[in-house]
Amino acid sequence: MAANFSPRFVKGKVRFVYENETFDVGEHLLNLNGIPGFKWTRFEPMDVVGKACRASVSLSSSTPFEFSCDATMTCEEVTGRTDLGIAFNITQADGMKLGEIITKEGVLPEYARKFPRIIFLENVGVMPSRAILKQSIGSENTEVVGDIVDMSPTGIQISTEDMRCAVTIPGEVWDVILQPRGGFASPVVFRGEVKRIIHSVDPKSYNAKRYFSMAITQITNEHKTMFTDLLRQVVTRIKG
C-alpha cells in the first residue's frame, strides 16, 4: 500500500467565471480537490459558499496541461480572516492527467508542518473514521459526530454536516473522542482547539459542510501513549 501522507500540490494560473464575470486570480497551489483559501477582496467569501462557477487552469509544470471544469466556491476561515477557495468538479480524464502530474511533480504547501498529515484510508482497518466532539457552554451541552479527514501527532481534521456547528468559530475548544475501529479497541480522548474552518456545500446532499482543523491542546499521558501507538499502527499498515 502506498504511503498516503500530506497532500501534494502543483502550481497553476487560475481564473474563474462567476455570474458572467471573469476573475483572474493569478498563480496558486492546487490539486484534484481544488484551490485552498487565498486572499480575496472583490466580495465576501462567506457570502458565496456553495455558489457555482467555472474554473480554468493552466499548470506551471514541466508537463504542459490546461483544463476547465465546473466548480463551487468555498470559504477558509481562521482567526481574523476569511479567504476564498475553489472546489473542482473535474472530469475523470482531466483528473487522471492532473493526478499523474501531481504524483510526478507535486510539492508540499509552502508553510512548514512539523508532522505530516495522514489522510484517512478506509482500507487501513485500525484508522478511526469517526470522532465525537463535545462542548458545554453554560447549561447547554452539544455533541457532534464528525468524519475524520486526516490526522497527525498534533491534531486532526474532521468534517460534518451538522448544522449545530454553524456558529463554531476558530479558537473554540471541544472535547474530542476518536472512536475505535477494527483491531484498535481503545478510544482516544483529548481537548482540541479549532484552528481553521473550511465552509463548503456537499455536492451530493447539498447540505452545508464544514471542515474543522483542530490542534490537540490537552491530553493525558495515558491517552497520548494510546494515540502514539494508534498512529504507529496506522503508518505501519500504510507502508506495508
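**Entry 1: Glu161**

I started at Glu161, which is partly exposed at 31% relative accessibility. My cut-offs were under 20% relative accessible area for buried, over 50% for exposed, and partly exposed in between, with a 1.4 Å probe and protein chains only. I kept in mind that this is a predicted model, where local features need pLDDT of at least 70, side-chain atom pairs count only at pLDDT 80 or more, and totals for chains, interfaces and linings use all residues. Residues are numbered from 1 along each chain as its sequence is written, and side-chain values use heavy atoms, with hydrogens and water left out.

I placed Glu161 in the loop between strand E10 (155-160) and E11. Helices (H or I, at least four residues) and strands (E, at least two) are DSSP runs, numbered from the N terminus. Which residues does Glu161 contact, leaving aside its neighbours within four places in sequence? I found Asp202, Ser205, Asn207, Ala208 and Lys209. Contact here means heavy atoms within 4.5 Å. I also checked Gly146, 15 residues from Glu161 along the chain. The C-alpha atoms of Glu161 and Gly146 are separated by 8.2 Å.

**Entry 2: salt bridges**

I counted salt bridges next. The rule asks for a side-chain nitrogen of Lys or Arg within 4 Å of a carboxyl oxygen of Asp or Glu. The count is 12.

Asp175 bridges to Arg191, with the closest N and O atoms 2.9 Å apart. Asp175 sits in strand E11 (residues 173-178) and Arg191 in strand E12 (residues 188-201), so this pair ties together parts that are 16 residues apart in sequence.

Arg232 and Asp229 form a salt bridge at 2.4 Å, N to O. Both Arg232 and Asp229 are in helix H2 (residues 221-239). They are three residues apart, about one turn of the helix. Asp229 has a relative accessible area of 26%, so I noted Asp229 as partly exposed.

Glu143 pairs with Lys134, and their closest N and O atoms are 3.8 Å apart. Glu143 is partly exposed at 43% relative accessible area. Lys134 is partly exposed too, at 34% relative accessibility.

**Entry 3: aromatic rings**

I moved on to the rings. Rings of Phe, Tyr and Trp (its six-membered ring) pair if their centres lie within 6.5 Å; planes under 30 degrees apart are stacked, over 60 edge-to-face, and the rest tilted. I got 10 aromatic pairs. In the pair of Phe16 and Trp40, the ring centres are 5.7 Å apart and the planes stand at 50 degrees, so I logged the pair as tilted. Phe16 lies in strand E1 (residues 10-18), and Trp40 lies in the loop between strand E3 (34-38) and strand E4 (52-59), so the pair ties together parts 24 residues apart in sequence. Phe16 is buried at 0% relative accessible area. Trp40 is buried at 13%.

Trp40 also pairs with Phe38: the centres are 6.0 Å apart and the planes are at 85 degrees, so this pair is edge-to-face. Phe38 is buried at 5% relative accessibility. Which residues form one aromatic cluster? I wrote down Phe16, Tyr18, Phe23, Phe38, Trp40 and Phe43.

On a 1 Å grid over the protein atoms alone, a cavity is a set of points where a 1.4 Å probe fits but cannot get out; a pocket is an open set with protein on both sides within 12 Å along at least five of seven lines; lining residues have an atom within 4 Å of a point. Grid points are joined across faces, edges and corners, and a volume is the space filled by probe spheres set on the points.

How many cavities of 30 Å³ or more are found in the whole structure? I found one. The largest cavity has a volume of about 30 Å³. Its lining includes Val126, Pro128, Leu178, Arg181, Phe184 and Leu230. By class, that lining has eight nonpolar, two polar and one charged residues. Ala, Val, Leu, Ile, Met, Phe, Trp, Tyr, Cys and Pro count as nonpolar, Asp, Glu, Lys and Arg as charged, and the others, Gly among them, as polar.

The second largest pocket holds about 150 Å³ of space. Among the residues lining this pocket are Gln135, Glu140, Arg164, Glu172 and Trp174. Strand E8 (130-137) and strand E9 (140-152) each supply at least two lining residues. E8 gives the largest share, three residues. I recorded three nonpolar, four polar and three charged residues in the lining of the second largest pocket.
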